[in-house]
Every structure is written in structure tokens, then in C-alpha cells.
Amino acid sequence: MKYFGFIWKNVWRKKIRTSLTILSVFIAFLLFALLSAIGYAFKSGADVADAERLIVIDKITLINPLPMAYKNRIAATEGVHSVTHSSWFGGYYQDPRVQFPQFPTEPYEYFSMYPELKMPQEQLDGWARNRQGAVIGRELAEQYSLKVGDRIPIQATIWTKADGGRTWEFDIEGIFETEDPRGSTAFLLFQYDYFEEARAFGKGSVGWYILRVSPDADPIQVGNAIDLQFANSPNETETSTEAAFSQSFAKQFGNIALIVTLILGAVFFTLLLVSGNTMSQSVRERISELAVLKTLGFSDRLVLGTVLSESILIMLVGGLLGLGVGWLLVQGAAQAMGAFLPGMFLSSQAILTAIAVMIGAGIVAGIFPALQAMRLSIIDALARA
Amino acid sequence: MSETLATLTGVSKTYQKGKEKVEVLHNLDLEIARGDFIAIMGPSGSGKTTLLNLLGGLDKPTSGTVDVGGAEISSMSNSQLSRWRSTNIGFIFQFYNLLPVLTAQKNVELPLLLTNFSGSERAHRAGIALGIVGLEGRTDHYPRELSGGQEQRVAIARAIVSDPSLLLCDEPTGDLDRETASEILKLLQILNREHGKTIMMVTHDAQAAEYANHILICDKGTLERQEAA
């Protein structure tokens with residue numbers, strides 16, 4: 001610690017150059033924070049997935065519906081414990097920009113399928129009794145100041161009603177929460193019976209089935225048995241684990257992890273060039289000062305350590321600032337976009353990774369100038385001065 | 001008979017300059033008494049600075065031995081030499097070589113970073129050293145805010161702060177006007193006479209050499225003459 005003041009003074013010997021380098025580090029780690037949070041959001045579905053839950057969708061595309069008649073056949077498949085279904089409604093609330101997922105489903109079956117979702121029993125009963133009833137997650141309730149008893153209109157973008165109307169009105173009967181902090185509650189559930197009765201087309205179909213396998217059954221074998229049942233039918237199925245389904249759903253937007261890695265790779269490569277150049281210049285312009293330090297008794301290793309510490313310090317100052325501002329922006333974005341892209345979160349693993357990258361990048365950017373300083377011959381350097 | 005601080009025995013130093021070997025010092029024998037003030041004079045390239053570098057452990061002889069304060073420094077490793085220099089030698093350069101990012105106080109504290117002294121102890125000792133060179137009121141000034149003479153005084157304070165027995169001065173007045181040079185030389189005399197520092201000073205200036213107790217004339221790699229000032 002006694003060298004910190006000396007190292008800090010050296011870092012700021014050229015204020016504009018250091019500020020610009022720190023700014024570039026700041027931008028890089030700001031991007032790191034934002035992209036990590038987005039990447040986390042896309043894979044959070046897989047993280048919270050239950051290994052015993054399977055998803056059955058149309059083999060060709062998730063957009064194709066499956067017949068309602070499949071439900072009993074799936075339920076009768078050996079190893080299946082329980083079944084429910086859901087569909088994509090795709091409406092908006094108040095303004096086309098205010099979008100959050102809405103799913104028509106079966107009240108009791110759905111909450112039985114997702115035990116991590118918690119809601120008072122009387123609210124679940126109330127929803128089951130009210131055909132136009134709906135329940136919403138805590139995140140939605142807080143974001144739009146909604147409460148039990150409110151009536152909310154959802155404008156359909158796909159599912160027009162049989163009477164030609166596009167406005168679907170729901171009574172909020174309950175507000176659910178999740179026990180898993182990584183899970184999202186930014187969605188609305190309403191009764192499939194109301195959906196089935198009121199929609200203009202697509203009757204007798206559902207978007208996908210969700211099933212729970214028996215504890216002693218092999219999920220892969222159960223999935224294969226289901227797909228085999230519907231092979232060569234007009235609606236062949238593809239059954240996968242919930243995690244695999246979430247991952248394939250996220251991949252519809254592209255390989256997010258790869259995109260994030262490529263962007264960050266390019267950013268950090270540029271960052272290394274910028275900061276490496278800064279450190280090289282910094283060492284070149286004070287060759288005689290480094291020689292004086294060695295003359296005073298600073299060992300080769302100590303000189304190496306101080307130069308390397310300067311490089312790491314620049315990375316840590318810019319990086320921690322970037323990470324801090326990024327964390328604030330992620331918090332804000334999670335509030336603003338939580339319904340559209342739930343699960344945006346800067347994980348502790350991402351923060352630790354970022355700090356490790358800061359230190360690593362500081363070492364890589366500073367190692368060659370530091371070695372140059374370490375190997376410096378006092379006689380030659382003083383003669384040049 | 002005065003005690004010997006440093007002894008050079010059969011010291012030669014040869015540099016490789018391209019394909020040519022240049023012998024800067026040839027089979028040199030020298031004894032330096034503790035508390036002496038010696039000026040080394042001679043033409044450029046005569047080996048004055050090389051002699052100083054060998055005494056300060058900045059360079060090693062091609063042959064022969066260098067003993068300073070009972071330590072044979074010519075056989076020490078680089079890290080041993082670094083440690084040894086930090087407590088035994090004070091260097092004063094022609095162009096002061098202060099660190100521009102540090103104040104006078106922090107420049108003087110620099111060698112003390114290598115010790116186990118606390119921050120307040122380092123500040124206290126640097127304050128004393130600055131007091132000896134007459135710069136108590138300039139502790140918070142940066143080198144760019146000081147005159148050449150003041151910068152050299154800070155450099156002298158930095159050289160004595162760790163209380164070394166030997167001060168090696170390479171043209172300490174070479175960048176100063178006559179009046180300021182005289183002040184610096186008087187200061188070196190005080191350090192020699194009142195604080196017991198042994199001083200080896202390389203200079204081209206005959207007037208500066210008069211402040212020393214002895215003058216060594218270095219020429220063609222040998223010490224040709226040794227005379228009382």
C-alpha cells in the first residue's frame with residue numbers, strides 16, 4: 001500500500017491521455033455489463049427450468065398450434081404425471097409499446113405444474129370461478145400499479161374475437177410471485193375456456209403442452225414415446241426438456257451468447273491495443289526516471305511491479321466505473337423492459353468475471369512495457385538522458 | 001591514520017563498442033578514506049563516470065574487485081546491489097533527475113519507500129533532509145516550480161535521506177550558474193565536514209574541484225595524478 005500514492009501519481013502524469021484510456025476502459029466494461037445482463041436474460045429461462053418438466057410443440061415450428069385432442073393422449077402416455085397447456089396471446093396493454101406475455105391456460109393445472117409460482121389459494125379459486133378472470137405476476141402489478149379487482153383491457157394483435165372486436169377485458173383475480181429470484185413474474189395468465197369460446201379462429205387448438213414426468217420415469221424416454229405417438233400425423237410433435245425449449249426459444253433471436261462474445265472480444269481486443277499503447281508511451285517517456293528509481297535501490301522486480309500496477313490500476317478505475325454505471329443502467333432497463341425481456345440481471349458471476357478480466361487485461365497490456373522497464377540498464381538509460 | 005571506506009583493486013572495465021573492445025579503466029588501484037571529499041577530473045571518455053558507477057554498484061568491473069564499507073560489491077547479484085545501494089549510497093546527478101510528478105517532499109521520501117518506516121516517519125526524515133539543504137519552505141513544490149539550484153538541493157536531500165556513508169556526485173554543478181554552483185558546493189562541503197559524508201565528485205570545473213580535499217586526474221583509463229587541493 002505504501003507504493004499506492006507513487007503509482008497513482010504516475011498513472012496521472014499525462015492527464016488527458018490517462019483520461020481517454022480510462023474512458024475507453026469505461027465504455028468496454030459498460031458494454032460488458034449491459035451485454036452480460038442481456039445474455040443472462042436470454043439464458044435465464046434455461047436456468048430456472050425444471051428437469052422433470054417437458055414441453056411438447058409442433059415439430060415444424062412453435063407457431064403451429066397443436067390439437068386440443070392431444071391432451072388426453074399425452075396424459076395417458078406411460079411416465080407422464082400431469083399435463084397442462086398454454087398458448088401465445090401476443091396482446092398489448094394501453095399502448096402497442098407496452099407489451100408483456102399473456103397466456104391462456106388452465107388455472108389449477110398451471111399452478112400445479114409450476115409449484116414455484118405462489119399465490120393465495122382463495123385468489124386461485126377466484127380466478128378459476130371467473131371465466132374472464134386473470135392473474136398477474138408481482139413484477140407486472142408493481143410496474144403498472146395493478147391490483148386485485150382491477151379490470152384491464154388487452155388489445156389483441158393476433159386473436160380477434162368472434163364478434164370482430166380486438167379488446168379482451170380481464171378481471172384481475174390474483175397476483176402471484178415466484179420463489180426463484182431468477183424467475184420472471186412479468187406475465188399474465190387467463191382462462192383458456194374464455195379464450196376458446198371468444199376467439200374467431202383456431203378453435204380446438206393450443207400453442208404447446210407442458211407435462212411433468214413421474215419421479216421414476218426417464219424424461220428422454222417419455223419425450224420419445226410422445227413424439228412416436230404423433231409421428232406421421234398432420235401435427236407431428238417435438239418434445240424437449242424445459243431447459244432445451246428455453247434455449248431454442250432464445251435462439252430464435254440468434255445465438256445471443258456468440259453475438260455477445262464476438263462483440264466483447266472485439267471491444268476488449270481494441271482495449272488491449274489502446275491501453276498497451278498508453279503504457280508503452282508512458283514507459284518510453286520516463287526511461288531516465290526509471291533508471292533513477294533503480295539507482296535509488298528499487299529492484300528490477302519492484303520496477304516491474306510498479307509499472308504493471310499502473311496498468312492494472314487504469315483498468316480497475318475505468319472498469320469498475322463502467323461496471324457501476326452498467327449496473328445502474330441494467331437496474332433501470334430491468335424496470336423498463338422487464339415485461340418484454342425478463343431476467344435482465346448483472347449476476348455476481350458476471351461481476352467477478354469482469355474484475356478478473358480487468359486484472360488480466362491490465363497484466364496483458366502492461367507486461368511488455370513493464371518487462372522493458374525491468375530490463376532497463378541504468379548506465380545506458382542515464383547516458384541517454 | 002584514517003579508516004578506509006572503499007578499495008578498488010586491479011579494476012579494469014572494458015566495453016564492447018560494435019566489433020571493437022574499449023578499455024575504459026585499466027588495472028586501477030584506489031583507496032578512499034572515510035570522510036574524504038574527492039574530486040575526479042579528466043577529459044571526456046577518461047573513465048570518470050565509469051569509476052563512479054563501479055563505486056555505486058551500478059556497473060561491475062571486467063576484472064578486479066570493488067569493496068565499499070566492507071562489502072565486496074563487485075560479486076553481488078543485481079538484487080543484492082539494489083538493496084545495498086538503497087542504504088549505502090547517495091547519488092547526485094548533473095540534471096537533478098527528480099520525478100516531475102512528485103513534490104519535493106515526496107521526491108525526498110522516495111528512497112525511504114524501500115524501508116519499513118511508517119508514512120509519518122518517512123515524512124519526518126524527509127523534512128529533516130530538506131531542512132539540512134535549506135528547503136523547509138518548499139516541500140510542497142513540484143520540480144517545475146523550483147529553480148535549478150533548488151532542484152539540485154532537493155536531489156541532495158534525496159541522496160542523504162537514508163543516511164548513506166558515500167555520496168557519488170556526477171557533475172553536480174554542471175547545469176548551474178557560478179553563484180548557484182558555489183552554493184551547492186558549499187552545501188557538499190558542509191555535508192562532508194559536519195555530517196561526515198564521504199564524497200566522490202566528478203567535475204570538469206577546476207573551481208568546483210577546489211572545494212574537495214583531493215583531486216584525482218583520470219586519463220586513458222588510469223589515475224595519473226593524485227594531489228592535495
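Predicted model: local features only at pLDDT ≥ 70, side-chain atom pairs only at ≥ 80, totals over all residues.
User: Why is helix 1 of chain B called mostly covered?

Analyst: A residue is buried if 20 or more other C-beta atoms lie within 10 Å of its own. In helix 1 (residues 48-55) of chain B, seven of the eight residues are buried, so the helix is described as mostly covered. The buried residues are B:Lys48, B:Thr49, B:Thr50, B:Leu51, B:Asn53, B:Leu54 and B:Leu55.

User: Which residues is B:Ile40 in contact with, leaving aside its neighbours within four places in sequence?

Analyst: Two of them, B:Lys48 and B:Leu51, are in contact with B:Ile40 and are buried residues of helix 1 of chain B.

User: How do you know that chain B is as compact as a globular protein of its length?

Analyst: The globule rule gives 17 Å for 229 residues, and the radius of gyration of chain B is 17 Å, so chain B is as compact as a globular protein of that length. The chain has seven helices and ten strands, and its C-alpha atoms fill a box of roughly 50 × 45 × 40 Å along the principal axes. Of its residues, 48% count as buried.

User: What makes up the largest nonpolar core?

Analyst: The core has 115 residues. Those that touch the most other members are A:Phe29, A:Ala33, B:Ala39, B:Ile40, B:Val108 and B:Ala157, so members from chain A and chain B are joined in one set through C-beta atoms within 7 Å. Helix 2 (residues 15-47) of chain A gives the most to this core, with 13 residues.

User: Which residues does the second, separate core include?

Analyst: This core of 43 residues includes A:Val56, A:Leu140, A:Phe195 and A:Trp208. In the domain assignment of chain A, domain 2 covers 48-251 and domain 1 covers 4-45 + 254-384. The C-alpha centres of these two domains lie 46 Å apart.

User: How many residues does each chain give to the contact between chain A and chain B, and what are those of chain A by class?

Analyst: Chain A gives 19 residues and chain B gives 19 residues. Helix 11 of chain A gives the most to its side, with six residues. By class, the side of chain A that touches chain B has eight nonpolar, five polar and six charged residues.

Conventions
Residues numbered from 1 in each chain as written. Chains lettered and ligands numbered in written order. Contact = placed C-beta atoms within 7 Å. Helix = DSSP H or I, 4+ residues; strand = E, 2+ residues; numbered from the N terminus. Nonpolar A, V, L, I, M, F, W, Y, C, P; charged D, E, K, R; others polar. Domains from an automatic or database assignment. Buried ≥ 20, exposed ≤ 12 C-beta atoms within 10 Å, placed from the backbone. Rg over C-alpha atoms; globule rule 2.2 N^0.38 Å.
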